[in-house]
Amino acid sequence: MQVSEYDYELPEELIAQMPADKRENSRMLVLNPEEQTIEHKHFYDIVDLLDENTLLVMNNTKVLPARLYGTKDTGARIEVFLLESKAGVNEGENAEVKDGKNWSCLIKPSKRVKPDTIIKISNELSVRVIKRLEEDGEWLVEMIYDGDLFEILHKVGNIPLPPYIERKLQTEEIKKIDTERYQTVYAKDEGSVAAPTAGLHFTKEILKKLEEKGVETAYVTLNVGLGTFRPVKCERIEDHKMHSETFEISEETAAVINRAKSAGKKLIAVGTTTVRTLETAYKQFGCIKACKSASELFIYPPYEFKVIDGLITNFHLPKSTLLMLVSALAGKEFIFKAYKEAVKERYRFFSYGDCMFIKSLSR
């Protein structure tokens with residue numbers, strides 16, 4: 001298959017720049033792949049669409065304030081975008097291993113740095129450039145600080161919004177909105193550089209109403225990296241390689257999932273990261289069990305889903321691996337029909353945008 005097959009036209013004004021006034025007020029396109037029907041709802045309608053025969057599985061990862069702004073000793077402004085802790089990775093075979101202090105990152109403008117460049121972020125934190133990595137545009141750096149790095153990042157870091165969300169005027173009010181709304185209400189385990197955006201529509205009230213209806217919930221953790229969102233650069237889809245992302249399934253979650261599947265309940269994944277976590281675990285172990293592992297799973301048509309039955313997800317970028325994943329679930333032709341309908345009806349796209357619910361498939 002060619003990547004060009006997954007392209008579509010999207011008016012720029014439909015790319016959501018701010019979240020909906022309330023999380024639950026986002027619009028929701030409801031897809032029934034078996035009946036080939038499309039309905040227009042709002043996310044608060046999810047309470048009426050799910051029942052006691054449903055298990056919702058969500059990704060409880062929390063977004064790290066990973067975007068840092070600093071200066072070189074020349075005064076040049078540098079942006080450092082932290083990607084992943086590289087504990088045990090060092091700059092040479094005999095170099096001291098600095099657990100927790102070495103990170104992979106993106107640096108802009110990268111032409112202004114070289115090995116041993118020091119970038120001062122604040123009085124509490126500096127970044128020393130070690131070397132360029134083989135991965136696309138990534139660097140290995142050493143974080144120089146005293147105390148707790150995560151506490152410092154919460155003081156000096158910024159929520160790493162996607163590049164299609166523009167913040168030309170970053171007021172304190174807008175920064176506060178982003179800090180709150182670019183996290184799910186159930187976010188727990190910090191480590192992602194992007195939000196699992198399908199979960200942004202949930203409120204504590206909606207979760208409580210679902211619980212009262214008998215809908216079960218369970219949580220996995222996949223730390224979302226840039227690899228999920230990197231464009232597919234090769235012509236043939238089959239030639240694309242996903243970046244590795246770490247995930248964890250707890251004993252409790254594994255037990256809930258296995259019990260629900262045995263009882264014949266439908267498993268609805270919230271977000272593509274949850275899909276990849278569960279499908280990767282099944283592929284690795286032949287079942288769902290407690291584990292800490294990593295996913296490089298690239299899901300595209302045709303793909304036989306082993307764990308999930310339905311999906312709540314946002315609208316995805318053209319030519320993206322995420323668009324290919326939902327096409328594998330609901331059928332490419334039907335997904336593109338739905339996207340065309342969403343554009344026609346002026347739905348809001350991408351991270352801060354509206355969502356779709358792909359209803360349970362019979363298996």
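This is a predicted model: local features need pLDDT of at least 70, side-chain atom pairs count only at pLDDT 80 or more; totals for chains, interfaces and linings use all residues.
1. Basis. Local features need pLDDT of at least 70, side-chain atom pairs count only at pLDDT 80 or more, and totals for chains, interfaces and linings use all residues. Residues are numbered from 1 along each chain as its sequence is written, and side-chain values use heavy atoms, leaving out hydrogens and water.

2. Cavities. The structure holds 2 cavities of 30 Å³ or more. A cavity is a set of points on a 1 Å grid over the protein atoms alone where a 1.4 Å probe fits but cannot get out. Volume is the space filled by probe spheres set on the points, which are joined across faces, edges and corners.

3. Largest cavity. Its volume is about 70 Å³. Lining residues (an atom within 4 Å of a point) include Arg-23, Arg-181, His-201 and Tyr-352. The lining has 4 nonpolar, 5 polar and 2 charged residues. Ala, Val, Leu, Ile, Met, Phe, Trp, Tyr, Cys and Pro count as nonpolar, Asp, Glu, Lys and Arg as charged, and the others, Gly among them, as polar.

4. Second largest cavity. This one has about 30 Å³ of space. Met-242, Arg-276 and Phe-298 are among its lining residues. By class, 5 are nonpolar, 1 polar and 1 charged.

5. Helix pair. Helices are DSSP runs (H or I, at least four residues), numbered from the N terminus. Helix α7 (residues 321–330) packs against α8 (residues 332–344) at about 115°, with axes 7 Å apart. Axes are lines fitted to C-alpha atoms over the stretch in contact, and angles run from 0 to 180 degrees between N-to-C directions. The contact (heavy atoms within 4.5 Å) includes Leu-323 and Val-326 of α7 and Phe-334 and Tyr-339 of α8.

Definitions and conventions. On a 1 Å grid over the protein atoms alone, a cavity is a set of points where a 1.4 Å probe fits but cannot get out, and a pocket is an open set with protein on both sides within 12 Å along at least five of seven lines; lining residues have an atom within 4 Å of a point. Helices (H or I, at least four residues) and strands (E, at least two) are DSSP runs, numbered from the N terminus.
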